[in-house]
Amino acid sequence: MSNVAESYDYVIVGGGVAAASAVKGIRSSDGSGTIAVLGSEPDPPVYRPDLSKDLWLKDDKALEDSSLAGDLESDDHVDLVLDTTVTEIDPDGHVVRLADGSSVGYGKLLLAVGAEPRVLDVPAGPKIIYYRTAADYQRLRAAIDAGSHVVIVGGGYIGSEIASALVQNDVQVTLVLDLEDVQEQMFPRALAASLTKAFTDRGVTVVHGTVAGGGETGSGVQVILDDGTEITADAAVIGVGVIPRTGLAEAAGIEVHHGIVVDDHLRTSATDVYAAGDVVSYPDALLGRRRVEHVDHAEKSGEAAGKAMAGADEAYDYTPFFWSDILDYGYEAVGEVTSRNDMVEYWKDGELGTGVVYYLKAGQVRGVLLWNVWDSVDKARELIKETADKPVEDLDSLRGRIPFG
């Protein structure tokens, strides 16, 4: 491959947010070390939240505005290589091998390979999209316009965001849920039910069931549920979660357990090999070992890994947050926001108004949902830290601990 050198000081496998942030981290300590960013996608790194948010909701927003490639492309010592598959890592030889048979040597290696969508028995295609990348956004844009009908499979994070974005673009949406309500696995039941009703009030058709099959037809798509229900539409978006891409690490003998295992400096079990972003299982300073699939973590861990690769001795002690905008509502959240935990709710105006939900396990606040409450993520982190040492005995005492603002 002519645009790849034989070796680099730093090789980054992956072309997403964590990879772009890692270059920034490296450059904070090493201004001239050679860097190769080997991305499997055909497009340069983009700020992924825009793919389900601003690119649909802001008329003046274009895909190139979401690019993170500017600093990479302007740096003479960075080679950004796209549409390239790394097939093997050799930690002992300090090389990675590419699909074309060539090898690239490294001084330090970062695995920022992210995660891949879970797939159903519905083959992907131009009109059936497992939504994650810039190319997926472009395919969906090409397949629909105002008045089109899209079937969305999955009512989790990505499914609810895409449903919200398309409804606001005058697209007819059928939403297939395998649970009763949107985001039920994360929100309290009453909140999830209220949000589902908000979707139906905006014209979304909610269908309950599990997908058994489907595919593209001559004029659109067909999705078949396990009860025999057939849904036809112009396009389908499938968002049923992701799986961390651990295969390269496993094959190289690097420790993997629910993700690529790293220490507090984002070092893997292999010498000079680091990992960051969605793929890593890391020791969260507040919550213990966990894996996080959100952009704030990709940015912060990527930059931290880059700094560590360039010699900085700084622990990654950050607890990331995430956010979403759904229809007319928005939230920020931090920690283990799962309805499997105990929950304490405190609402100002009832569900979908303004409220805070505290998620607990054995008296420790493990997560906080800030629904239409802003600038309070640090307060949530402080509460998580405080209750780790002093568990909450009176759950009612949590109500009001984080003000509505």
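Biologist: In which sense do strand β17 (residues 260–261) and β19 pair?

Modeller: This is a predicted model, where local features need pLDDT of at least 70, side-chain atom pairs count only at pLDDT 80 or more, and totals for chains, interfaces and linings use all residues. Residues are numbered from 1 along each chain as its sequence is written, and side-chain values use heavy atoms, without hydrogens and water. Strands are DSSP runs (E, at least two residues; helices are H or I, at least four) numbered from the N terminus, and two strands pair if DSSP finds at least two bridges between them. Here Val261 has Ser281 of β19 as its bridge partner, and the two bridges between β17 and β19 run in the sense called parallel.

Biologist: How many of the five residues of strand β19 (residues 280–284) are buried?

Modeller: Buried means under 20% relative accessible area, exposed over 50%, partly exposed in between (1.4 Å probe, protein chains only). Strand β19 is largely enclosed by the rest of the structure because, of its five residues, the number buried is four.

Biologist: How many aromatic pairs are there?

Modeller: Rings of Phe, Tyr and Trp (its six-membered ring) pair if their centres lie within 6.5 Å; planes under 30 degrees apart count as stacked, over 60 as edge-to-face and the rest as tilted. By this rule the count of aromatic pairs is eleven.

Biologist: Is the pair of Tyr346 and Phe404 stacked or edge-to-face?

Modeller: The ring centres of Tyr346 and Phe404 are 5.1 Å apart. Their planes stand at 15 degrees, so the pair is stacked.

Biologist: How many residues apart are Tyr346 and Phe404?

Modeller: Tyr346 is in strand β23 (residues 342–347), and Phe404 is in the segment after α9 (377–389). The pair links distant parts of the chain, and the separation is 58 residues.
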